[in-house]
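Please keep the sequence and the coordinates open while reading.

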Amino acid sequence: MTRIKCCGLTRIEDVQLAARLGADAVGFVMTRKSRRFVDPAAAARLRDAVPPFMTTVALVMDEDPGFIEEVLRVLRPDMLQFHGAESDAECAAYGVRYLKAIAMGEGAGALARLRDYPRATGLLLDGHGLGEQGGSGRRFDWSLMPTDLAQPLLLAGGLTADNVGEAIRIARPWAVDVSSGIESSPGIKDRDKMERFISAVRAVPSV
Ligand SMILES: O=C(O)c1ccccc1N[C@@H]1O[C@H](COP(=O)(O)O)[C@@H](O)[C@H]1O
């Protein structure tokens, strides 16, 4: 079964909907560079709507360590998700399990960077280019998804209800991560799109 993370949530009703539909994780974007930014206090209120056994992820991008400490203290996420140029040592410094996003926009050239994060709990392969911001809705060549890495791989970038089934069949990820593909506008999730997305993932037979 492919796990599902819904990211970029800013409203309690969207967290509740993701939980009701059986998403495995929710992500809160905690970088001010994003239109989906929620501050630590707002994210903590959203977290109160997260039920038991659903994972809460805080997404950060080249933040000051002090801000990340604040996120950890106020939100208490289960995991951090790093989207910038952070090194493995920097990501691991907080003693919290972490996901590292790898920009796959350059294609095969990006694959070497997947080896740079041995302490990551999972690697998130996103469609944007190096130095570009994630959440772009850009997809990459799913056939590049490696099969020889120890860590679970999350597939992200431009996924929608209409393409996620094919993406899973080609890339065979541990999980899929979606943001813009289930939105009506940045940070505002669309009930129908989220329902269709989760149904489409569940419709793919397990390997
Ligand atoms: O969502 C954002 O605004 C964002 C900003 C900075 C870094 C990452 C961001 N989003 C993450 O990118 C992936 C893919 O998103 P999409 O489905 O292509 O829109 C996902 O993890 C988003 O949360």
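## Core, barrel and loops

Among the 57 residues of the largest nonpolar core, those that touch the most other members are Cys 6, Phe 28, Met 30, Ala 58, Val 60, Leu 154 and Val 176; such a core is a set of buried Ala, Val, Leu, Ile, Met, Phe, Trp, Tyr and Cys residues joined through C-beta atoms within 7 Å. The model is predicted, and local features need pLDDT of at least 70, side-chain atom pairs count only at pLDDT 80 or more, while totals for chains, interfaces and linings use all residues. Residues are numbered from 1 along each chain as its sequence is written.

Val 60, when neighbours within four places in sequence are left aside, is in contact with Met 30, Thr 31, Ile 68, Val 71, Leu 80, Phe 82 and His 83, a contact being a pair of C-beta atoms, placed from the backbone, within 7 Å.

The strands (DSSP runs of E, at least two residues, numbered from the N terminus, as are helices, runs of H or I of at least four) include 8 that close into a barrel in the order 1-2-3-4-5-6-7-8 with parallel pairing, where pairing requires that DSSP finds at least two bridges between two strands. From one strand to the next the twist averages 25 degrees. Strand 4 (residues 79–82) and strand 5 (residues 98–103) pair in the parallel sense over 3 bridges, and Phe 82 stands opposite Lys 100 in strand 5.

Helix 2 (residues 40–47) and helix 3 (residues 65–75) have axes that come within 9 Å and cross at roughly 35 degrees, the axes being lines fitted to C-alpha atoms over the stretch in contact and the angles running from 0 to 180 degrees between N-to-C directions. This contact is made by Pro 40, Ala 41, Ala 43, Ala 44 and Arg 47 of helix 2 and by Glu 70, Val 71, Val 74 and Leu 75 of helix 3.

| Residue | C-beta neighbours inside 10 Å | Class |
|---|---|---|
| Gly 134 | 26 neighbours | buried |
| Arg 172 | 15 neighbours | partly exposed |
| Phe 53 | 7 neighbours | exposed |

Gly 134 is found in the loop between strand 6 (122–126) and strand 7 (153–156), and its contacts beyond four places in sequence are His 83, Ala 101, Asp 126 and His 128. Phe 53, in the loop between helix 2 and strand 3 (55–60), has a positive phi near 75 degrees although not a glycine.

Definitions and conventions
A residue is buried if 20 or more other C-beta atoms lie within 10 Å of its own, exposed if 12 or fewer, and partly exposed in between; C-beta atoms are placed from the backbone. Two residues are in contact if their C-beta atoms, placed from the backbone, lie within 7 Å.
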